[in-house]
Amino acid sequence: MAKLYIKAQDLEEYDSVKVFNERGKEMYYTKDDYIATGHRIKIFLAETISECAYVQEKYDRDEVKFEFAARDKFGTISRDHRSRMQRYNVDFDEDWEIEGDAVSWQYVVHSGSIEVMKVRSMPYLIPGQALNMCDTHILEFDSDSDMLVGLAFALSVYALNKYSY
């Protein structure tokens, strides 16, 4: 099971963060880019200028959506306004559904009955990083091949909750 770590305070303040693996090595970094068409979070491979994924704000008939893309996979996520509960509409070719509290980074992503990704936030010391423990978003993936699209998806859920007004 692969894991990625994001320092929560950095994400809340800047939208531009470093993403680490379980050994504390930087895997990706993000840059927030507000362009004329809305918010965009670019995801880059560590120590390069190669953009490998993104999250982009989209508007569709008075509804805010966020598009997420990584490699050849892409989809959109929006709020389900018909439900009183915290529910999301995910348009992705793998039929992902969110179960849990996505606002507080405590949720599980399912594809049918298979758990694809688990996201949680807790005080945690990222190996090889700062000497103090901080709130950390931990993304656990069933497969290494889901890491990049899973990261883009988690950031799109975060952006939807932060920028939907």
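These notebook entries record what I looked up in the structure, from the overall fold to its aromatic rings.

**Ground rules.** I am working with a predicted model, in which local features need pLDDT of at least 70 and side-chain atom pairs count only at pLDDT 80 or more, while totals for chains, interfaces and linings use all residues. I number residues from 1 along each chain as its sequence is written, and side-chain values use heavy atoms, with hydrogens and water left out.

**Overall fold.** I looked up the elements and found two helices and 12 strands, where helices (H or I, at least four residues) and strands (E, at least two) are DSSP runs numbered from the N terminus. Read from the N terminus on, their order is β-α-β-β-β-β-β-β-β-β-β-β-β-α. The radius of gyration is 15 Å, close to the 15 Å that the globule rule gives for 165 residues, so the protein is as compact as a globular protein of that length; this radius is taken over C-alpha atoms, and the rule is 2.2 Å times the number of residues to the power 0.38. The C-alpha trace spans about 45 × 40 × 30 Å along its principal axes.

**Burial.** I noted that 47% of the 165 residues count as buried, a word that means under 20% relative accessible area, with exposed over 50% and partly exposed in between (1.4 Å probe, protein chains only).

**Aromatic pairs.** I found seven aromatic pairs in the structure; rings of Phe, Tyr and Trp (its six-membered ring) pair if their centres lie within 6.5 Å, and planes under 30 degrees apart count as stacked, over 60 as edge-to-face and the rest as tilted. One of them joins Tyr-5 and Tyr-124, whose ring centres are 5.1 Å apart with planes at 5°, so I wrote the pair down as stacked. Tyr-5 lies in strand β1 (residues 2-7) and Tyr-124 in strand β11 (residues 114-124), so the pair ties together parts that are 119 residues apart in sequence. Tyr-5 is buried at 3% relative accessibility, whereas Tyr-124 is partly exposed at 25%.

I then turned to Trp-105 and Tyr-158, whose ring centres are 6.0 Å apart with planes at 40°, so this pair is tilted. Trp-105 sits in the loop between β9 (96-101) and β10 (106-111), and Tyr-158 in helix α2 (residues 147-163), 53 residues apart. Trp-105 is buried at 4% relative accessibility, and Tyr-158 is buried at 5%.

**Cluster.** I also recorded one aromatic cluster formed by Phe-68, Phe-92, Trp-96 and Phe-153.
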